[in-house]
Amino acid sequence: MDNSKAIKTSILLFFCLSLSSWHTTEAQHTWQEAFKVLGISWNPNGTLNREIQIPMVDPTPYEDTTPAPTALSQDIYLSSKSKAYIRLYIPLNPPKNKKLPLIIYLHGGDFVLFSASTAIFHNFCNDIASQFPAVVASVEYRLAPENRLPAAYDDALNAIFWARDQALGIGGRDPWMEYADFSRVFLLGSSAGANIVYHAALRALDFDIRPLQIKGLLLNQAYFGGLQNTQSEIRLKDDPYVALYVNHVLWSLALPRNLNRDHEFCNPISGGTYLGRVNRLPKVYIKSDFGDPLFDRSVQLAQFLYNNGLTIYYRFNAGGFHGIEFQNTTAAQELYDDMKYFVNNPFGTNSHEGISDQPLYNDMKNIVRSTGSASS
């Protein structure tokens, strides 16, 4: 079996185990049941044993690799004192006379699982680097509960500082970063990574990151929550990927022990320290699917950001499910096309090059009219 088939088989095994674990549970659930679904258990020292692992893959820094890579990648360690690193990607044949946008990517995994080197996220970044094209810096951030929030936000902010130092040439510039346009930086996150993007962007407002210019945020199926369950969470409470009771356990692992799910780390529209800064964020792309229990959270966030004067592009799909782009190539390509358009085209132009046949919406009145009741 070749490497790609082995990866797909392992991914299917992971989701099948999650499904079988879910179907054995009762109406009232325990932490043990949630841990079984997630494939985790406690170690004696209070850390987690992550038992179900989607394969992790090495970077591909050279073209003469089997199978042939779609983009080149290398790992850059940020500190000799920690395991923090950036997995950096460039297209196979980057243009010689044109700088590429820099995408800083935060992977998913509910703050508790996975890595920048997990195969599905590695392949995702390969696709972005080759299709946009772009320079992609995928962040290896610390996981909870060993490192509870805001540790992941701090790691994302440190990645932004690393990019700033690359722009300034502090400590020398990696040759691959010569292809990056530091005036066109975008923060992209999947699921928990989208949550991290939102908070890291707000934190970055407190610092001088020049000459870096963050031009936009891309939030794909953002992982947010709250004490009051939304209609989509109730409607899809038995979802095989993000079941409601499993989400509650995950937030208990991710949040500081003295905080609940209405803290701004989990519920960004509940108040908190960021509210006076939200209107300083750049343009935002928000994508969610009606078959995802987190759907209403994305609608609420879109409305909130719109009410704060931000320019919002969004796509809310019928059907779908959480993580669909990692299993459905059509859904993945639509997402790539959306993001490519968002990155490469400023608003106010008539150019739709790189966008899918159905244009992105940027009129929030459509959301308020069509989904206002679903997001209450």
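Tutor: Let's start with a word we'll need: buried means under 20% relative accessible area, exposed means over 50%, and partly exposed is in between, using a 1.4 Å probe and protein chains only. This is a predicted model, where local features need pLDDT of at least 70 and side-chain atom pairs count only at pLDDT 80 or more, while totals for chains, interfaces and linings use all residues. Residues are numbered from 1 along each chain as its sequence is written, and side-chain values use heavy atoms, with hydrogens and water left out.

Student: OK, what share of the 376 residues of the protein chain counts as buried?

Tutor: The cut-off for buried is under 20% relative accessible area. Across the 376 residues of the protein chain, the share that counts as buried is 56%.

Student: Which residues have pLDDT under 50, with 29 contacts beyond four places in sequence?

Tutor: pLDDT is the predictor's confidence in each residue, from 0 to 100, and the chain averages 87. A contact means heavy atoms within 4.5 Å. The stretch with pLDDT under 50 and 29 such contacts is residues 1-26.

Student: Is strand E10 mostly covered or uncovered, and how many of its residues are buried?

Tutor: Strands here are DSSP runs of E, at least two residues, and helices are runs of H or I, at least four, numbered from the N terminus. In E10, Ile 312, Tyr 314 and Phe 316 point one way and Tyr 313, Arg 315 and Asn 317 the other, yet all are buried. So E10 (residues 312-317), judged by the under 20% cut-off, is mostly covered, the buried count being six of six.

Student: Which residue in E10 is the bridge partner of Ser 288?

Tutor: Strands pair if DSSP finds at least two bridges between them. E9 (residues 283-289) runs parallel to E10, with six bridges joining the two. Ser 288 has as its partner in E10 Phe 316.

Student: What handedness does the β-α-β unit of E9, H8 and E10 have?

Tutor: Picture the strands pointing away from you: a crossover is right-handed if the path from the first strand over the helix to the second runs clockwise. The unit of E9, helix H8 (residues 295-307) and E10 is right-handed.

Student: How many aromatic pairs does a search of the whole structure find?

Tutor: Rings of Phe, Tyr and Trp (its six-membered ring) pair if their centres lie within 6.5 Å; planes under 30 degrees apart are stacked, over 60 edge-to-face, and the rest tilted. Searching the whole structure gives a count of 21.

Student: What is the angle between the planes of Phe 124 and Phe 326?

Tutor: These two are an edge-to-face pair, 5.8 Å centre to centre, with planes at 65°. Phe 124 sits in helix H3 (residues 119-131) and Phe 326 in the loop between E10 and H9, 202 residues apart. The angle asked for is 65°.

Student: Why does Phe 124 count as buried?

Tutor: Buried needs under 20% relative accessible area. Phe 326 is partly exposed because its value is 21%. Phe 124 is buried because its relative accessible area is 3%.

Student: Which residue lies over the face of Phe 290?

Tutor: A charge sits over a ring if NZ of Lys or CZ of Arg is within 6 Å of the ring centre and within 35 degrees of the ring normal. At 3.9 Å from the ring centre of Phe 290 lies Arg 235.
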